[in-house]
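Please read the following walk through the strands, rings and backbone of a protein chain alongside the model itself.

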Amino acid sequence: MKQLLTTTFFLLLCFLDTHAQDLSGKVFDKNNEGIFFANVVLYNAVDSSIVKAVSTDEGGAYSFKNIEDGNYYIEASMLSFTNERISNIQIPGYAGRTNFILREDASLLETVTIKARKPLLEQKADRLVVNVAENLTSINGNLLDVMKKVPGMLVINDRLSMAGQSNVTILINGKSTRYMDVQSLLQEMPGDNIEKVEVIHQPGAEFEASGSGPIINIILKKNVFLGTNGTARAGIEKNHIWKYNGGVSLSHHQGKLNIQTGLGYNQNAYREIFTLKRSVGSDIYDQRTVEPADPRSYRANLTLDYDLSDRQRIGVGNRFVRSDAEFTTTSTTNIDFLTADDYTLVTDNVQKRDWTFYSINPYYGFDIDTAGQKLNLDVNIARFKINSANELMNSNTSEDVVFLGQRYEQPGDTKIFAAKLDYTKPLSDALVLKTGLKYSLADLDNNLSAFDEDGNSGAWVINTLQSNHYQFTEDISAAYGKLDWKFGEWNGTAGLRYEKSVSEGYSVTLDSTLDRTIEKLFPSLSASRKLVGPLAANIAYSYRIDRPRYSTLNPFVYYYDPFTYEKGNPNLRPELTHSTKFSISADGQPFFNLEYKRSKDVTVQVTEQDDDTGEANRVSINMDSRQIFDGSLFFPMDIVPGVAGGYAGVIVNYLKFDSQYLGLEFNPSKWSTTVVVQAEFNLPWEINASAGGWYNSGVREGIIDSEWLYGTNIGFSKKFWDNNAKFSIGAEDLLNRFWDGRVDFANMDLDIHTEWYAPQINAQFSYKFGNRHIKNKKRLGGGANEEVRRANQN
């Protein structure tokens, strides 16, 4: 009996199989290239109900298995293409056409393009996103020029500050730049390869706890298309001299392999005029420094990744940047002595600097299941090498003034290894666990050799008091856990991060060692709720640490001219900050923010003066505490008739110090206001335009109190050749006011003035070529997305 039942069941299966049929085919575009992730839906011809729905693979192929007897039709659809249908499919026995050729829908494509236009600002749950890729006024600049597009960010003297905080943390693709020469990177790294900038005020537990100011995460461009494609660009800019840049990016995505590479060249240029007028006792020192520079930078990148399976991907990224510069800074110092004859000292600081940065980034991603459980491993091996040399020479002096030259050679080598492992596990529909480990090791070697000119022979003689060979190592171990939760109308996060850092600074010259171990827990919390209409509210808290930079711990002394120099401070302590922020967003764009920060052992860059020698120096120190309160209000500009997009905002900031400095009470406070407007317009002949400006009432940075300043910009762009070519022209600082600051504390009475070249006019031409079909492992928008979702639930 059992054998009979088994035989009968087997025969029944065979009978059913003979009455089922498979259908397979491909979806092509007009160029006979397969379309990836097109939606293909099988309908019952009787009632138009969905029977099956699939998406095409990388080659455009689809397949339906075991179709029962009946009459059907198939529709294929893809965003920006017209839908196509094959009717009268009779099962079994159908042997007709199964391939589709989709035609581009010009009207739909135009509509989609308008809808897909990114706003300049996007407010995410934990960050503000500034979409700078299409900006028309900083297309040919460096990273500093891009930073000017971040609301509230001030770029003065090639330094960044936001809300009175100059300790901004810079990340590139989420990776730290803490051990690098950030100043050189900002000045000399080209900005045309940047997709967007993320401003993170309240980082979660998955981020390093380092830094007390905002985190600026610079996201570089990457390939989002199938097949072989690329972009070529060339640009010029008029500063005090002409600047040039050009580059090409190529990518190929086919099947399981994705290759992306790029090359770029940038002939940058900048000029700064720095004026310092100060009282030294009863004497007046009036110093003026002109620094023109034209660094040249070269970049190359290569990324390979391979899909081991539908859920596993492995890859490696490589990035190389090199910059070199030769320039002469001229300083003129007029000294008005009360009890002696006045004189003028003119010196030339002849500088040569080149640096190289390269990194290797292997990674592995595993989507463990379709519920959202995943594992990611990321390794970064990087090296930053810099060679810097300068000669400070007498150019023209009064006859009775003798100044002997000084020479500095400062090679540096930084090696970085970092590895992190992140794991995500959805515990339920309302609870997701995120946890991870990270380890980083930094090894830095800096050898400053100082020489003095011999007055008799003119030879260079080593100055052992200023020379210093300094080595620094730091390893940081970290672990974190974070819960993302939802409860009714509320959602939020709760995280805790543990970090232990062990650092050692060793002066080979002085044979002295400074060890430091820091071990702390860093909590972070956030909660969000949908309010009425498009409004949503969020409140967040974080506790962070700002470890001193290597460059500030190094006990070097570096002269800019005979009377001003910079020195390191090996006794700096880490800064600790509690921060809370409340924000309201509207339609995903920033609307209203309130933030409060309280820090202790604040790292501040200050100026000190020796009245006996007349020298002034810049050094970083710790101040006891600082409080910062700021609020901002933003609104989109497209509510204004005739304006297509953009934003406007007001940022109000209050800062107060409470400390002892130079044996005196130091407790200044200051209110500051920033107004920013950036508007986009659609002009006739399909020309896009952008115009904007900003105003700042002046800020307090440590002991420096700055005055008000402003800047303006304008830009135009036009696409042609089937939207593959684009020409842009823009101008920065058409109208502006330069920076003025003042120091009035202890024995210091200083007036500071900084100018840069303005206006800056730039133009760029770019051309996109190759296959423009978007690739994405996640689902793309299509005409049958909802049908696919419903069919897959059956």
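**Strands, rings and backbone**

Strand 37 and strand 38 (residues 664-666) run antiparallel and are joined by three bridges. Strands here are DSSP runs of E with at least two residues, numbered from the N terminus, and two strands pair if DSSP finds at least two bridges between them. This is a predicted model, in which local features need pLDDT of at least 70 and side-chain atom pairs count only at pLDDT 80 or more, while totals for chains, interfaces and linings use all residues. Residues are numbered from 1 along each chain as its sequence is written, and side-chain values use heavy atoms, with hydrogens and water left out.

With strand 36 the pairing is antiparallel over twelve bridges, and Phe635 has Ala648 in strand 37 as its bridge partner. Strand 39 (residues 669-683) also runs antiparallel to strand 37, joined to it by twelve bridges; here Leu655 has Lys670 in strand 39 as its bridge partner.

In the whole structure, a search finds 22 aromatic pairs. Rings of Phe, Tyr and Trp (its six-membered ring) count as a pair if their centres lie within 6.5 Å; planes under 30 degrees apart are called stacked, over 60 edge-to-face, and the rest tilted. One of the pairs is Phe634 with Tyr647, which is tilted, at 6.2 Å centre to centre and with 55° between the planes. This pair links distant parts of the chain: Phe634 lies in strand 36 (residues 615-636) and Tyr647 in strand 37 (residues 645-661), 13 residues apart.

Buried means under 20% relative accessible area, exposed means over 50%, and partly exposed is in between, with a 1.4 Å probe and protein chains only. Another pair is Phe657 with Phe666: the ring centres are 5.6 Å apart and the planes stand at 55°, so this pair is tilted. Phe657 and Phe666 are both buried. Together with Tyr661 and Phe745, Phe657 and Phe666 form one aromatic cluster.

Rings also take part in contacts with charged groups. A charge sits over a ring if NZ of Lys or CZ of Arg is within 6 Å of the ring centre and within 35 degrees of the ring normal. Arg737 has its charged end over the ring of Trp708, 4.0 Å from the centre. Arg85 lies over the face of Tyr73, at 4.1 Å from the ring centre.

Four strands, in the order 3-2-5-6, form an open sheet with antiparallel pairing. Its edges are strand 3 (50-55) and strand 6 (84-91), each of which pairs on one side only. From one strand to the next the twist averages 20°, where axes are lines fitted to C-alpha atoms and angles run from 0 to 180 degrees between N-to-C directions. Strand 5 (residues 70-77) pairs with strand 6 in the antiparallel sense over six bridges, and Ile74 is opposite Ile86 in strand 6.

A further open sheet has three strands in the order 4-1-7, with mixed pairing. Strand 4 (61-67) and strand 7 (100-101) are at its edges, each with a single partner strand, so one side of each has no neighbour in the sheet. The pairing of strand 1 (residues 21-28) with strand 7 is parallel, over two bridges, and Val27 stands opposite Phe100 in strand 7.

Some backbone details remain. Asn66, found in strand 4, has a positive phi of about 50° although it is not a glycine. At 51% relative accessibility, Asn66 counts as exposed. Asn723 is likewise not a glycine and has a positive phi of about 65°; Asn723 is in the loop between strand 43 (709-720) and strand 44 (725-736).

Where are the cis peptide bonds placed? One runs from Ile91 to Pro92, with omega near 5°, and Pro92 is in the loop between strand 6 and strand 7. Another runs from Ala758 to Pro759, with omega near -5°, and Pro759 is in the loop between strand 46 (748-756) and strand 47 (760-770).
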